[in-house]
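Take a look at the structure below. The text then walks through it, from the surface to the aromatic side chains.

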Amino acid sequence: MNTNRLSATMEKALSDQMNKEILASHVFLSYGIWADDKGYQGIANFLYRHAQEERNHSIKFMEYVLNRGGKPKVDAIPAPPADPESLSACFEGVFKHEVDNTTSIYRLVDLAMEEKDWATWNFMQWFVQEQIEEETLAQNLLDKLKIAGGDRATDESLFTLDKTLQEAPNDVPLAQEATGDNP
């Protein structure tokens with residue numbers, strides 16, 4: 001008996017998103033390594049934690065597909081982009097990545113509506129809310145760097161920014177513990 005409650009199209013789209021989240025994790029890990037190498041341990045730690053959060057998102061997709069009777073497919077993950085040239089480029093890359101991810105999330109919501117797959121539509125609402133938070137966080141990074149002086153920021157202001165991100169709470173939840181109220 002076939003117990004898969006996802007269309008083949010939806011199963012593939014959810015698997016693709018799972019892989020997109022894994023790529024995001026690799027990108028933020030790569031950016032973190034770059035920041036660490038440049039002496040920005042606070043920014044690196046922030047990016048490492050963000051990389052773990054993206055991995056947790058991929059696990060949420062994996063578990064959902066499995067729970068709906070499907071089988072997610074892990075694809076080869078492309079290499080992350082080249083190291084950023086500056087902190088501005090790094091933070092702009094984070095923002096661009098989040099906006100691209102939001103577009104992908106919205107496509108999944110649209111597909112769920114087209115298919116009248118209300119379980120998946122409901123599942124995706126957590127990610128819609130999460131992307132609002134992720135884009136806001138990325139925009140705040142850009143704003144903080146702009147206030148510090150952007151690419152012409154003084155060492156002192158970059159030190160303060162680095163320290164601020166180092167002290168940001170480390171509260172990335174495990175995917176299996178995340179809920180709409182506690183993402």
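W118 counts as partly exposed, because its relative accessibility is 48% and that class runs between 20% and 50%. This is a predicted model. W118 belongs to helix α4, which covers residues 118–148.

Now step back to the whole domain. The UniProt record, an unreviewed entry, lists residues 4–149 as "domain: Ferritin-like diiron". Over residues 4–149 the chain is 80% helix and 0% strand. The end C-alpha atoms of that stretch are 53 Å apart.

Next come the aromatic rings. A pair of aromatic rings is described by the distance of the centres and the angle of the planes. The count comes to five aromatic pairs. One of them is F61 with F123: the ring centres are 5.5 Å apart and the planes stand at 90°, so the pair is edge-to-face. This pair links distant parts of the chain, with F61 in helix α2 (residues 41–67) and F123 in helix α4, 62 residues apart. F61 is buried, at 1% relative accessible area. F123 is buried too, at 14%.

F123 also pairs with F127. That pair is edge-to-face, with 5.4 Å centre to centre and 65° between the planes. F123 and F127 are separated by about one helical turn, because they sit four residues apart in helix α4. F127 is buried, with a relative accessible area of 0%.

Finally, the wider group. F61, Y64, F123, W126 and F127 form one aromatic cluster. K60 lies over the face of W126, 4.2 Å from the ring centre.

Key. Residues numbered from 1 in each chain as written. Predicted model: local features only at pLDDT ≥ 70, side-chain atom pairs only at ≥ 80, totals over all residues. Heavy atoms only, no water. UniProt positions renumbered as here; feature names shortened; annotations may be inferred. Helix = DSSP H or I, 4+ residues; strand = E, 2+ residues; numbered from the N terminus. Buried < 20%, exposed > 50% of the residue type's maximum accessible area, 1.4 Å probe, protein only. Phe/Tyr/Trp six-rings, centres within 6.5 Å; stacked < 30°, edge-to-face > 60°. Lys NZ or Arg CZ within 6 Å of the ring centre and 35° of its normal.
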